[in-house]
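Keep the sequence and the model side by side as you read.

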Amino acid sequence: MSSPEKTAIIVVGATASGKTSISLKAATALHTSIISADSRQCYREMNIGVAKPTADELSLVPHYFINSHSVHEHVNAVVFEQEALQAADSIFSNHEFAVLTGGTGLYVKVFCEGIDSIPAADPSVKGQVDQVFKERGIQGLQQWLTEVDPAYMQQSKETGNRVRLMRALEIKLSSGRSILDYRVGAEKKRPFQIRKYGITWPRDILYKRINDRVDDMMSKGLLQEAESLFPLRHLKALQTVGYQELFSHIEGQYSLQNAVEKIRQHTRNYAKRQMTWFKQDSSIEWFSYDQLLEKFSAI
C-alpha cells in the first residue's frame, strides 16, 4: 500500500512541450515507472497521431496506461482514476517515487483529487439529446438547458462547450437532478505526496514545435494510419485531432495540404486550452524545458 512518505512526481504541459523526454529523465533518475495521463495513448490502435512514446522509449522504463485498451472500449476519467491509482499502488510497493505525465488535464486532476460520482445517463435520453444537437445545434442545447436547468446555465463557465452541455442535459433528464448537485467538490486525500512540475515555452517556439511535430507525423505515415482506422471513424476515441482532419480528406472534403494545415491549427488551439487549464492550478511549479531537464539530471 502507499504511504505519506511516497511521492508522485507529475509532469504536465502542452502537447509537443517535451513531457515524454522529461518524464523519462525523471523516471530513470528516480529508478521508477511512468503512468501516462493521456486520454488517447491508452489505445493500442492509435500510435503516430497521438505521439505515443516509441518502442525504444517504452523499453527504458515500465509504463502504465499506454497500449492498455482498445478503441472499442469505453475509457473515461472514472476508468483512469481507478487504473492509475492501482498502478501507483503497484509502483509504490517497490519504489519511493512514481512519475505521472500527460496533457489530459482532467486525468491529472482526478488522479490528484478524485472525481465526483455522477450517475450514468439513460441511453434513450442520450439519443434525444444527440438528436436535438443534430437538428438545432449548440443553441438548441443551450435553450433546452435554460428551460430544465437554469441554475446550470447561470453558474457554468462552459455554456459554449457542446460536450458539457450535452452531459448536463443527459444527467438532468435521466436523474431529475442538476449535474451541479453531484459536484460536491470534496477533494479526496491521497495516501502519498504530490509534486507537480509544468513545462513552459514561449508561445512562438511551442507553436513551431507543434508544426514540426505534425510534419514529422506525416513523414512517419500518419495518413496511412488514418486510412487503416477510417472504418472506425465513428468511435469516440477517433474523434481526435490529427485523425478527424485526415478522415475528412479521405472523404474528399479537404486536400491533403489543407488537412495538414488544419491539424497544425487545431493542435495549436488544443495546446492553448491545455495551458489555460494547467495555469489555473497554483500547485504546479513551472520551469522551462531545459531547467526541468537539468533538475532531474542532477538527482
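In this predicted model, Lys52 touches Gln41, Tyr43, Arg44, Met46, Asn47, Ile66 and Asn67, leaving aside residues up to four places away in sequence. Find Lys52 in the loop between strand E2 (34–36) and helix H2 (55–60).

Is Lys52 buried or exposed, and what is the nearest side chain of opposite charge? Lys52 is buried, yet has no salt bridge. The nearest side chain of opposite charge is Glu45, 7.2 Å away.

Look instead at the backbone. The backbone oxygen of Tyr43 lies 2.7 Å from a polar atom of the Lys52 side chain. For the backbone oxygen of Met46, the distance to a polar atom of that side chain is 2.6 Å.

The largest nonpolar core has 48 residues. Met46 is among those with the most contacts inside it, along with Ile35, Phe80, Phe111, Leu238 and Tyr243. Several elements give two or more residues to this core, including strand E1 (7–12), strand E4 (97–101), helix H4 (105–113) and helix H11 (256–279). Helix H3 gives the largest share, 8 residues.

Now turn to Tyr243. Beyond its neighbours within four places in sequence, Tyr243 is in contact with Met46, Asn47, Ile48, Gly49 and Val50, among others. Its contacts also include Leu222, Glu225, Ala226, Leu229 and Leu238. Apart from the 48-residue core lies another core, of 16 residues. Val11, Leu24, Leu292 and Phe296 are among its members.

Next, the sheet. How many strands form it, and in what order? There are 6 strands, in the order E3-E2-E4-E1-E5-E6. The sheet is open and the pairing is parallel. Strand E3 (63–64) and strand E6 (284–288) are the edge strands, each pairing on one side only.

Follow E4 within this sheet. E4 is mostly covered, with 4 of its 5 residues buried. E1 and E4 run parallel and are joined by 5 bridges. E2 also pairs with E4 in the parallel sense, over 3 bridges.

Note on methods:
Residues are numbered from 1 along each chain as its sequence is written. This is a predicted model: local features need pLDDT of at least 70, side-chain atom pairs count only at pLDDT 80 or more; totals for chains, interfaces and linings use all residues. Side-chain values use heavy atoms; hydrogens and water are left out. Buried means under 20% relative accessible area, exposed over 50%, partly exposed in between (1.4 Å probe, protein chains only). Lys and Arg count as positive and Asp and Glu as negative; His and the chain ends are not counted. A salt bridge is a side-chain nitrogen of Lys or Arg within 4 Å of a carboxyl oxygen of Asp or Glu. A polar contact is a pair of N or O atoms within 3.5 Å; within protein, one must be able to donate a hydrogen and the other to accept it, and residues adjacent in sequence count only if both atoms are side-chain atoms. Contact means heavy atoms within 4.5 Å. A nonpolar core is a set of buried Ala, Val, Leu, Ile, Met, Phe, Trp, Tyr and Cys residues joined through side-chain atoms within 4.5 Å. Two strands pair if DSSP finds at least two bridges between them.
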